[in-house]
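Colleague: Could you walk me through how some parts of this protein pack together? I am new to this, so please take it step by step.

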Amino acid sequence: MSVSELFHLFVASHIVTGATGLLAFWVPVFAKKGGSAHRTVGKVFTVTMLLTGTAAIGISLCTLADPVSTHPHLTGHADFRDPALVRAIFGWMMLALATLTLNLAWYGWQCIRNRRDHAANRESVNLGLQAATFITATNCAVQGLLIGQPLMLGVSLIGWATVGTNLWFLYKRQPAANDWLREHIKALVGAGISVYTAFFAFGAVRTFPTLALHPVLWAIPLTVGLAIILYQWRKLARPRAALPAGQRA
């Protein structure tokens, strides 16, 4: 099987799981926290994010191996005529975002699974994903500097911030009662930001290649996602903001 054929298999998988995640994301956001819909569709969203991130890693590795045959529609476009740019944006940057998505989805899942046993969050996969995210984010920054692409530096900052805040919680000696829930919200909404960013930015490249690097397309999912996180955190900070029914320790 050629690199191009393998690439298209990963893309097909990415589209199916990513589209499912795009739709599933909003149910746990708006459904009653701790309710049946929240739990059931939340699991669907988490699994689709793990599958989508895995497929995105495959896409990025294929792009790194052969940027021209995997993105022939870009070769005639002035903004992406240089294979080094295609490799950097759709290879290295996508690899960083894919690893970040896996990190957020897995971390957010572990936060709720281990809400009664905080030390259990420090398992090998969770810690390994923090290391992988730091490495891919750092590489993304280096590659961005090499081609003069500030957007890649922005992605790296998000990756570093995610790793830093995740490790802060993972090694916190005495978490507050709702800390696990705050981290659960942060991580899974963050995974939603990631998949919507891919949808708006990378999805636009086939029709409007120039828009793939437009800051507005990257800012919209980030702004909406941060608003959701801050709103949910504010609700938790209100008096009598107890853990959802059935989730109290």
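Colleague: How are H5 and H6 oriented relative to each other, roughly parallel or roughly antiparallel?

Modeller: Keep in mind that this is a predicted model. The axes of helix H5 (residues 83–113) and helix H6 (residues 124–147) come within 9 Å and cross at roughly 155°. Angles over 145 degrees count as roughly antiparallel, so H5 and H6 are roughly antiparallel.

Colleague: Which residues make up the contact of H5 with H6: how many are nonpolar, polar and charged?

Modeller: H5 passes H6 in a left-handed crossing. Sorting the residues of this contact by type gives no charged ones, nine polar and 16 nonpolar.

Colleague: What is the handedness of the crossing where H6 passes H7, left-handed or right-handed?

Modeller: The residues of the contact of H6 with H7 divide into 14 nonpolar, nine polar and no charged. As for the handedness, the crossing of H6 past H7 is left-handed.

Colleague: Let's turn to the rings. What kind of aromatic pair do Phe25 and Trp26 form?

Modeller: A pair of aromatic rings is described by the distance of the centres and the angle of the planes. For Phe25 and Trp26 the centres are 4.8 Å apart, with 80° between the planes. Planes over 60 degrees apart count as edge-to-face, so the pair of Phe25 and Trp26 is edge-to-face.

Colleague: Is Trp26 buried, partly exposed or exposed, and which of these is Phe25?

Modeller: Trp26 has 30% relative accessibility, so Trp26 counts as partly exposed. Phe25 has a relative accessible area of 5%, and under 20% means buried. Therefore Phe25 is buried.

Colleague: Phe25 also pairs with Phe45. How many residues apart are they?

Modeller: Their ring centres are 5.6 Å apart with the planes at 55°, so this pair is tilted. Phe25 sits in the loop between helix H1 (3–24) and helix H2 (26–30), while Phe45 belongs to helix H3 (residues 36–65). The pair links distant parts of the chain, and Phe25 and Phe45 are 20 residues apart.

Colleague: One last thing: which ring has Arg182 over its face?

Modeller: Arg115 lies over the face of Trp180, 6.0 Å from the ring centre. Arg182 is 4.2 Å from the centre of the ring it lies over, and that ring belongs to Trp233.

Technical notes. Residues are numbered from 1 along each chain as its sequence is written. This is a predicted model: local features need pLDDT of at least 70, side-chain atom pairs count only at pLDDT 80 or more; totals for chains, interfaces and linings use all residues. Side-chain values use heavy atoms; hydrogens and water are left out. Axes are lines fitted to C-alpha atoms, for helices over the stretch in contact, and angles run from 0 to 180 degrees between N-to-C directions. Helices (H or I, at least four residues) and strands (E, at least two) are DSSP runs, numbered from the N terminus. Angles under 35 degrees count as roughly parallel, over 145 as roughly antiparallel, 65 to 115 as roughly perpendicular and the rest as oblique. A crossing is left-handed if the near helix is turned anticlockwise from the far one by less than a right angle, and right-handed if clockwise. Ala, Val, Leu, Ile, Met, Phe, Trp, Tyr, Cys and Pro count as nonpolar, Asp, Glu, Lys and Arg as charged, and the others, Gly among them, as polar. Rings of Phe, Tyr and Trp (its six-membered ring) pair if their centres lie within 6.5 Å; planes under 30 degrees apart count as stacked, over 60 as edge-to-face and the rest as tilted. Buried means under 20% relative accessible area, exposed over 50%, partly exposed in between (1.4 Å probe, protein chains only). A charge sits over a ring if NZ of Lys or CZ of Arg is within 6 Å of the ring centre and within 35 degrees of the ring normal.
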